[in-house]
Amino acid sequence: MAFYVVQFLTGLASAASLFLVASGLSIIFGVTRIVNFAHGAFYMIGAYIAFTLTERFSGAFGFWGGVVMAALAVALIGVLVEMVLLRRIYHAPELFQLLGTFGLTLMVEDLVVLIWGPDDLVGRRAPGFKGAVDFFGQNIPSYDLFLIVLGPVVLGILWLLFQRTRWGVLVRAATQDRDMVAALGVNQKWLFTSVFAVGVFLAALGGALQIPRDAVHHAMDLRIIVEVFVVVVIGGLGSIVGAFVAAVLVSELNAFGILIFPKISIILVFLVMAAVLIVRPWGLFGKPEAAARKTPGLSVNPWRPLTSNERLASLAALVIAALLPLFAGNYALTVGSEIAIFVIFAVSLHFLMSVGGLASFGHAAYFGLGAYGVAFLAKMAGLPMIVCLLLGPLLGCMGAAVFGFFAVQLSGVYFAMLTLAFAQIVWSIAFQWVSVTGGDNGILGVWPASWAASPSHFYWLALGVAALVTIALRIAVFSPFGYALRATRDSLLRSEAVGINAKRIQWTAFVIAGTTAGIGGALFAYLKGSVFPDNLGISLSVDALVMVLLGGVETVSGGVIGAIVYKALNIWLVSQTDLSKLVLGGFIVLIVVVFPKGIVGMLEMLAQRRRKSPPPGSSLLAKPIESAE
Amino acid sequence: MKLTVQDLNSHYGPAHILFDIGFEVGEGEVVALLGRNGAGKSTTFRSIVGLVAQRTGRIVFEGKNVSAKPTHEIVREGLGYVPEERRIFTDLTVEENLEVGRQPKRPNAPHWDREKLFALFPNLGEMKNRPGGRMSGGEQQMLTIARTLMGNPSLVLLDEPSEGLSPKIVEQMVDAILTMKKEGVSIVVSEQNLHFARLISDRAYIIERGRICFGGTMAELDARPDIRDAHLSL
């Protein structure tokens, strides 16, 4: 019995840090609508700086002062980030900020290694909380007890801040209607900056307080960011109380899951999140999201099919790509095949995001399912390659059909989180069902048939499939189905009012995107000759998102360019520099600031400007007056 | 002049909405902006306070050209805006809604505080702690005006204050607007309801398809039934 109580208390202690970080993320999202991917990075920097300060200054003041100073220093960094980066992109398409903060995260991961080295750092114990308390023969670290008390105290302080101060009232008002707050004379810029600073402060404090419990290392950002997203979504975005309850829930699930359901402990929280979202789509304490006020003039460039000249140009580009084996070596061809496969993956997600308006954070699940489908068919049933390539993606299709059915009941960030949860569930099945999937060792020896074995043949195969998939999805965009899907994206209510079965259309789109991703995964299995759980992991899902956003989410086929640029740059950087994340992250941040419409979006804008110069009414538009922010 | 708008043009994306809008408001005057649904009344107001990103023209408020300023700075000059959709913060109580609107005193404008506003709108005083989302349409309309008055504006843009309200509430609204005028607040009120406009306004402009097509006193408007029928009748 005492053992379980101790386990429970350990869970509560872990909840404190989780709550601090999650509440910060929740506040920032509520007001600025930015899904701050860099929140985990701020948490990590908080831990590193706190480590340095507490090592430098000794004594109780040194420790506690160091922790607070670290959080303040990181909050200052947050203010800089907000002013220099985020302020420029508040009006960019939704999720574009996610790309910017993702770039920051990449940079930070390399920077901390550069500054603090790659080794785990074990921090000082907290003065006054070094011992343990005996509880019926079980030991509880007294620092854990301190954290257990700290959580509710911070909750109380935040509650007072939001309910009893003018700043809190303004923040809550801005959470609901930012423009109206500006129309009442409040300077949103500073309100946003201050909110961001408070959110980052909480994240960094959460990190700093972890040093007596855990070693500081350079991967702690990704480990916490996923858990924090889960907490925020279960609790309800924008709800501080919800974040607290969900942090406790998740921490206790982690603490007891390992005892009661050791087989599924990794995915237990994701199962719970999926269940919560299906029953209460806005989380336990959240409110239905008010339809975001779309900025008029943002998506006004109507899409059109390619002109015949553009078709010729695309064809020419394809022919040139097909000529690559004439002068490139085997390594380049393998890289080319990989890029072509990622084009397939990116256009499938691009279809879901741009045409369907559904941003999936777990698209790699269907890519990986396609790969596993091929591996099962080839290794277990011993089927020939052609059959495997045709049937393997069906596993992705089936996965998308099941998960998509639930996912399309939600929208926005909640849709994104549910898809993430599903992807995690699939990942952990692949990881833990060792007898079937091989677990971490994967399935090896999935080699292509002799006709496709040479690098040039495989390259042509991948290139051909990529071209076909891209063309097929383009045709879908301009088909009646594509019009209906775009209608559900632009206004769910109005599309239903004209008789479109919106959920079914979105579900269909989800299945199409999942199957297409599965095709990419099937090819990928043959390219690598093996399949691993990483093929459906979070980082691959994030890669897909980055490729789509980089190409331009408001374009018809931006995913193609995004995939080529991102993947080529990624592979090249890894081979050129040890600081590939730093360079890649910096490149992404630069793209976000300089080309907020993505690469293709920017090219289209340039082309348009050239096509109708001088544009009618250009004198009127010459000096547009920016609205607030 | 309190407010002068010249050559105001506004766009939503490629759509040109307002064409060379111009009008003036004198010190302490109540001016009506009349027009049908979709004529451009709300866009005119939104453009003046900078909520429409693509606009050009001159907006001179109390002798200062404010057209290049961001929304919150225009409002802080003393130019209050009451939106048509009311846009009450539904999660916030009545008192908290008023707090969001609060700005420092202004030497050239009447000062408003909670007590004075609860006297102006007695209904609000009885529900200080009620969330905005649980108020009737009429109560929300009172709150949105009171919230803007907390900023101590010297001029208020009132977008269709009578829309969707019961006749009894409309009467209260007329009284409230006349009280604001007596206190010295200049007012531009957009309306479809000529009867309501006549009760409160000194002068009127008619807007149709994004253009001003008439400007004059209420008496002058009454003398031109042709204009009235062409642009305002249902």
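One caution before the details. The model is predicted. Keep that in mind throughout.

Let me start with chain A as a whole. Chain A has 629 residues. Its secondary structure comes to 29 helices and four strands. Along the principal axes, the C-alpha atoms of chain A fill a box of roughly 75 × 65 × 50 Å. What about the radius of gyration? A compact globule with 629 residues would come out near 25 Å, and chain A has 25 Å, so the two agree. On burial, 52% of the residues of chain A count as buried. Now the contacts. Take those in chain A between residues at least 6 apart in sequence. Of these, 79% join residues at least 24 apart.

Next, one helix in detail. Helix 1 of chain A runs over residues 2-32, which is 31 residues. From first C-alpha to last, helix 1 reaches 45 Å. At 1.5 Å a residue, the expected value is 45 Å, and the helix is close to that. Where does helix 1 of chain A bend? At A:L18, by about 25°.

Now the contact between the chains. Chain A puts in 29 residues, and chain B puts in 35 residues. Which helices of chain A each supply at least two residues to that side? Helix 6 (166-176), helix 7 (178-182) and helix 29 (618-621). Helix 6 of chain A gives the most, with six residues. By type, the side of chain A that touches chain B divides into 16 nonpolar, seven polar and six charged residues.

Last, the sheet in chain B. Strands of a sheet pair through backbone hydrogen bonds, either parallel or antiparallel. In chain B, four strands form an open sheet. The order is 2-1-4-5, and the pairing is antiparallel. Which strands stand at the edges? Strand 2 (15-25) and strand 5 (64-65) of chain B. Each has a single partner strand, so one side of each is left without a neighbour in the sheet. For strand 2 of chain B, look at its pairing with strand 1, residues 3-12. The two pair in the antiparallel sense over seven bridges.

Terms used. Residues numbered from 1 in each chain as written. Chains lettered and ligands numbered in written order. Predicted model: local features only at pLDDT ≥ 70, side-chain atom pairs only at ≥ 80, totals over all residues. Expected span 1.5 Å × (residues − 1). Bend = angle between axes of the 7 residues up to and from the residue. Contact = placed C-beta atoms within 7 Å. Nonpolar A, V, L, I, M, F, W, Y, C, P; charged D, E, K, R; others polar. Rg over C-alpha atoms; globule rule 2.2 N^0.38 Å. Buried ≥ 20, exposed ≤ 12 C-beta atoms within 10 Å, placed from the backbone. Pairing = 2+ DSSP bridges.
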